[in-house]
Amino acid sequence: MTIEHIRRALRDCFHPALKLNVEALGLIEEISVTPDKEAPGAGIPGVPQKHIVRLSLYRPTEDETATAMMTELIRNRLYGFPETGTVEITLLDGWTPQRLTDEARELLAAQLRPQQLVQIRVKS
């Protein structure tokens, strides 16, 4: 289990309103993976080593419901790995749009563009 595996997995976790993943939104500040020596089965041959996954994430919004949805999506996605024993998420304040990836900027701009422009002509 590597940080790259986790980053790839988090690309499946989307903000409920913006429809962009946590990676594209720049919500991930830090990821660490450490073996969980206290996990059941630790040290027993043939039992997969469990890990503690720690994430520091910027809050995606002031809305506590959206934040709770995102953190639970992340937890569920990471618990999908048999090597995950514990997921610890620390929420940070201070996200800014500068953290968006270029791809996210393009997608958001496309969502905000009018799909059809209407031209009004004034008869003189």
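## The sheet

Strand β2, spanning residues 51-58, is joined to β3 by 8 bridges, and the two strands run parallel. Within this pairing of the predicted model, Y58 has L92 of β3 as its bridge partner.

The sheet as a whole is open and holds 3 strands in the order β1-β2-β3, with mixed pairing. Because β1 (28-35) and β3 (84-92) each have a single partner strand, they stand at the edges, and one side of each is left without a neighbour in the sheet. On average, and with direction ignored, neighbouring strands of this sheet are turned by 15 degrees against each other.

## Helices on the sheet

Helix α1, formed by residues 3-10, packs on the sheet and touches β1 and β2, its direction making about 130 degrees with that of β1. Helix α3, formed by residues 64-78, lies across β2 and β3 and runs at about 155 degrees to β3.

## The packing of α1 with α3

The two helices also pack with one another, at an angle of about 130 degrees and with their axes 10 Å apart. The crossing in which α1 passes α3 is right-handed.

On the side of α1 the contact is made by I6, A9 and L10, and on the side of α3 by I74, R77 and L78. These residues divide into 5 nonpolar, no polar and 1 charged.

## Two buried residues

Residue S56 has its place in strand β2. With a relative accessibility of 17%, S56 counts as buried, since the cut-off for that class is under 20%. Not counting residues up to four places away in sequence, S56 touches L27, I28, E29, E30, T90 and L92; among these, L92 is also the bridge partner of Y58 in β3.

Residue A104 belongs to helix α4, which covers residues 102-112, and A104 counts as buried at 0% relative accessibility. When neighbours within four places in sequence are left aside, A104 is in contact with L20 and A24. The C-alpha atoms of A104 and L18 are separated by 9.9 Å, although the two residues are 86 residues apart along the chain.

Note on methods. Residues are numbered from 1 along each chain as its sequence is written. This is a predicted model: local features need pLDDT of at least 70, side-chain atom pairs count only at pLDDT 80 or more; totals for chains, interfaces and linings use all residues. Side-chain values use heavy atoms; hydrogens and water are left out. Two strands pair if DSSP finds at least two bridges between them. Helices (H or I, at least four residues) and strands (E, at least two) are DSSP runs, numbered from the N terminus. Axes are lines fitted to C-alpha atoms, for helices over the stretch in contact, and angles run from 0 to 180 degrees between N-to-C directions. Contact means heavy atoms within 4.5 Å. Buried means under 20% relative accessible area, exposed over 50%, partly exposed in between (1.4 Å probe, protein chains only). A crossing is left-handed if the near helix is turned anticlockwise from the far one by less than a right angle, and right-handed if clockwise. Ala, Val, Leu, Ile, Met, Phe, Trp, Tyr, Cys and Pro count as nonpolar, Asp, Glu, Lys and Arg as charged, and the others, Gly among them, as polar.
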